[in-house]
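Reader: I am new to this kind of picture. Could you walk me through it, one feature at a time?

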Protein chains: 2
Amino acid sequence: MKQSQLFTKTRKEAPKDEVSKNAELLIRAGFIHKEMAGVYSYLPLGLRVLKNIERIIREEMNALGGQEVLLTTLQNKESWQKTGRFDDAVIDNWFKTKLKNDTELGLANTHEEPLSALLTNFAKSFRDFPLYIYQIQTKFRNESRAKSGIMRGREFLMKDLYSFSRDQKEHDVFYEKAKNAYHKIFTRVGLGGQTYETFASGGSFAKYSHEFQTVTDAGEDIIYIDEKKRIAVNKEVLAPEVLKELGLEKKDLVEKKAVEVGNIFSLGTRFSLPLGLFYTDEKGEKKPVIIGSYGIGLGRLMGTVVEVLSDEKGIIWPESIAPFTVHLVSLLGDKVDVRTYADNLYLKLEKSGVSVLYDDRDLRPGEKFADSDLIGIPNRAIISERGMKDDKIEWKNRETGDIEMIDEKEFFRRVPRTVHV
Amino acid sequence: MKQSQLFTKTRKEAPKDEVSKNAELLIRAGFIHKEMAGVYSYLPLGLRVLKNIERIIREEMNALGGQEVLLTTLQNKESWQKTGRFDDAVIDNWFKTKLKNDTELGLANTHEEPLSALLTNFAKSFRDFPLYIYQIQTKFRNESRAKSGIMRGREFLMKDLYSFSRDQKEHDVFYEKAKNAYHKIFTRVGLGGQTYETFASGGSFAKYSHEFQTVTDAGEDIIYIDEKKRIAVNKEVLAPEVLKELGLEKKDLVEKKAVEVGNIFSLGTRFSLPLGLFYTDEKGEKKPVIIGSYGIGLGRLMGTVVEVLSDEKGIIWPESIAPFTVHLVSLLGDKVDVRTYADNLYLKLEKSGVSVLYDDRDLRPGEKFADSDLIGIPNRAIISERGMKDDKIEWKNRETGDIEMIDEKEFFRRVPRTVHV
């Protein structure tokens with residue numbers, strides 16, 4: 001895409017009421033727009049990142065045998081009353097609304113109830129299970145405080161996967177697979193090194209749930225990390241007996257602030273019993289289905305990447321989710337040759353399927369470089385009069401700042417051709 | 001995908017309260033699930049169709065120079081009060097909700113206000129225009145009656161494109177291009193022959209708006225068609241002076257029921273003036289931006305395809321949006337050879353990127369054929385003992401019912417390899 005045609009522009013400052021680093025950088029770079037606290041629109045650059053994250057998550061969910069659906073935001077209260085969760089005293093972040101006839105509806109903040117109820121129409125025999133069903137869909141949560149930018153949204157895109165197993169053993173096997181898929185996802189989006197499988201409180205049906213916590217000062221959680229074993233314990237369950245059980249020692253643990261980028265829960269029969277999701281086993285016996293739920297907030301993940309992978313100049317996107325993989329920047333100077341060469345190079349890149357943003361704007365080099373640093377595309381290719389004299393392109397790595405002068409052949413060897421939006 | 005692993009099953013009957021043909025067929029075939037009137041979840045087959053429609057629309061929007069964004073559902077009232085549209089008496093199908101601090105919010109049913117307000121941050125000079133911005137996003141409309149299945153949803157995916165032009169002439173040129181893009185979209189999803197560009201009432205800023213009306217008895221509109229000129233007039237503007245102006249004659253017109261699958265509006269300065277979206281022209285003069293809006297409801301389009309392209313046995317999907325392009329059906333009989341051959345064929349198809357549903361279930365042929373007719377995949381390949389004796393595959397066209405016995409080489413020549421989910 002030509003940058004001259006992109007409708008967003010970078011801004012010197014984010015809105016005054018924006019206190020989070022992720023939203024501040026993303027707003028200044030033109031990735032998102034703040035509608036109100038916790039409610040952000042995605043602009044072209046931001047939507048491209050979001051879709052790259054979505055693609056990675058979808059690939060890993062499909063690899064797990066997940067079947068994709070799209071459930072609804074509007075919820076009638078029946079299913080939720082069966083589990084006792086329509087009550088604002090039980091789930092305190094509902095948005096509620098009303099039909100014309102005054103019927104009260106909720107805006108879904110999760111989907112255990114409607115999906116379990118839906119499944120009773122299809123799955124009844126042991127032959128119909130196990131099932132793994134997921135969606136990538138907008139959730140609504142009426143947060144009283146929403147000061148963490150896109151890391152804590154009132155409206156946000158979430159991947160929620162639900163597993164439906166015949167018994168605890170079958171559930172446990174899948175639960176481990178899901179854990180591995182989560183590690184893959186966080187590694188693929190560039191947070192592998194900073195993200196820890198973390199033991200957290202488990203509710204009624206499991207001793208622990210598992211969170212995936214990414215270390216950052218912007219995090220709202222406190223975790224205790226055993227760096228050697230690469231596992232952590234959430235402060236909420238930190239106790240001598242827990243450490244003993246997990247084979248951890250207090251002295252090996254380091255306290256860190258972290259953000260929960262994913263979580264997985266064993267829900268047992270908490271939802272299948274009240275919603276009537278049973279199956280008939282080989283012997284004709286009726287048994288409740290064992291449910292697990294597995295969430296990742298896409299905006300939160302994107303925001304966390306920005307918190308962790310950025311410097312004083314701006315964002316540093318990993319290639320896998322960058323809005324574009326190459327930022328082609330032409331320094332026009334006085335010569336028409338530069339523009340012609342850069343225009344042609346851009347066309348060649350587009351033709352060979354490279355995801356490229358071409359800064360063809362008539363601006364000073366300093367402005368172009370500042371914008372490029374802020375936007376954070378991982379590879380920058382600079383076309384200038386100086387370089388052209390030696391038939392060279394300046395190739396700069398956003399993360400390391402390393403610069404090399406390379407010829408066009410080498411340039412085409414280096415440009416990434418990964419699957420990308 | 002193997003049909004034995006698909007969690008949905010076909011059903012003999014739709015819910016009793018379902019009166020529309022599109023929802024009845026889609027529910028029976030397992031494409032959608034009814035949560036409440038006008039609110040439907042998309043199951044794996046339905047989501048595949050929806051995504052194919054989305055892909056076609058996105059391609060045509062990008063070809064128009066559209067930049068994709070994702071705006072929010074939650075709306076604070078400020079922008080809407082400036083245009084007078086937050087009032088329930090003005091827009092009578094708002095869903096409203098509240099933040100914890102009692103601030104009233106609306107759930108967006110359209111996005112002229114937030115997008116125009118957003119643009120004032122970026123576009124100020126004549127150099128910044130024209131702009132074409134679109135999204136594919138869920139809309140909420142509090143319909144008092146919602147009896148048309150997915151053709152009239154209370155919650156539905158919509159493509160909304162907005163054009164921002166510097167003057168009426170620039171607007172008019174784009175408006176014609178958008179019209180052409182709409183014709184392409186309706187042709188690509190299989191409704192070209194039944195869809196008419198229709199003159200409808202234009203509001204304050206244009207004599208007419210343009211609807212794209214697809215002829216079907218399930219439609220809620222009445223239109224008058226001049227079949228030769230392939231244009232129509234909505235009943236709401238049918239009057240002698242209108243016909244005269246359009247060069248139509250009453251005697252050439254045929255009255256039909258139709259559904260509005262798309263609409264395009266010239267909005268003039270209706271939104272730019274109250275929201276302050278101005279630009280400075282070449283002479284330094286401040287001028288209001290001319291806005292157009294262009295909508296297509298994805299669910300409505302999918303529902304219309306089902307209304308128009310179906311028979312007493314089920315749905316007949318066009319290849320372009322079918323959930324799969326090939327339905328491979330094995331008739332197991334007693335022989336293990338049939339399963340082995342069909343299993344291998346399925347793997348080969350998957351490997352070569354064909355979008356295939358493989359009915360590997362151990363059911364009677366009659367049940368498999370009835371399901372296949374109901375689901376409506378355009379090409380059916382039947383593997384049976386009888387065919388295998390002559391090294392042949394039975395190739396059946398869902399629309400025409402034509403059957404041919406072909407060998408594997410010919411089969412691989414015929415299977416569609418179009419871009420597809």
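Author: Let us start with pairing: two strands count as paired if DSSP finds at least two bridges between them. The strands themselves (E, at least two residues), like the helices (H or I, at least four residues), are DSSP runs numbered from the N terminus. In β20(A), Val356(A) is the bridge partner of Val326(A).

Reader: Before we go on, how should I treat the numbering and the model?

Author: Residues are counted from 1 along each chain as its sequence is written, while chains are lettered from A and ligands numbered from 1 in the order in which they are written. This is a predicted model, where local features need pLDDT of at least 70 and side-chain atom pairs count only at pLDDT 80 or more, while totals for chains, interfaces and linings use all residues.

Reader: Thanks. What is the secondary structure of chain A, and how far does its C-alpha trace span?

Author: Chain A has twelve helices and 23 strands. Its C-alpha trace spans about 80 × 60 × 45 Å along the principal axes. A compact globule of 421 residues would come out near 22 Å, and chain A has 24 Å, which agrees.

Reader: How much of chain A is buried?

Author: A residue is called buried if 20 or more other C-beta atoms lie within 10 Å of its own, exposed if 12 or fewer do, and partly exposed in between, with C-beta atoms placed from the backbone. By that count, 49% of the 421 residues in chain A are buried.

Reader: And which residues account for the contacts?

Author: A contact means that the C-beta atoms of two residues, placed from the backbone, lie within 7 Å. Taking the contacts in chain A with a separation of 6 or more, 68% are between residues 24 or more positions apart.

Reader: Which domains does chain A have?

Author: Domain bounds come from an automatic or database domain assignment. For chain A, that assignment gives domain 1 (3–311) and domain 2 (326–414). Their C-alpha centres lie 39 Å apart. Six residues from domain 1 of chain A and eight residues from domain 2 of chain A take part in the contact.

Reader: Now the sheet, please. In what order do the strands of chain A come?

Author: In general, the strands of a sheet pair through backbone hydrogen bonds, either parallel or antiparallel. Here five strands of chain A form an open sheet in the order β20-β19-β21-β22-β23, with mixed pairing. At the edges are β20 (356–359) and β23 (403–406) of chain A, each pairing on one side only. Strand β19 (residues 326–330) of chain A runs parallel to β20(A), joined by four bridges.

Reader: Which helix of chain A packs on that sheet?

Author: One of them is helix α9 (residues 336–351) of chain A, which touches β19, β20 and β21 (379–383) of chain A and makes about 165 degrees with the direction of β19(A). Such angles run from 0 to 180 degrees between N-to-C directions, with axes being lines fitted to C-alpha atoms, for helices over the stretch in contact. Helix α10 (residues 365–375) of chain A also lies across β19, β20 and β21 of chain A, at about 175 degrees to β19(A).

Reader: What does chain B show?

Author: Chain B has an open sheet of five strands in the order β20-β19-β21-β22-β23, with mixed pairing. Strand β19 (residues 326–330) of chain B is mostly covered, with five of its five residues buried. Val326(B), Leu328(B) and Ser330(B) lie on one side, and His327(B) and Val329(B) on the other.

Reader: Which strands does β19(B) join?

Author: β19(B) runs parallel to β20 (residues 356–359) of chain B, with four bridges, and Val326(B) stands opposite Val356(B) there. Five bridges join β19(B) to the parallel strand β21 (residues 379–383) of chain B. In β21(B), His327(B) has Arg380(B) as its bridge partner, and Leu328(B) has Ala381(B).

Reader: Finally, how many residues of chain A are in contact with chain B?

Author: 38 residues of chain A are in contact with 38 residues of chain B. Several elements of chain A each supply at least two residues of the touching side, among them β1 (32–36), α2 (44–63) and β7 (131–140).

Conventions
Rg over C-alpha atoms; globule rule 2.2 N^0.38 Å.
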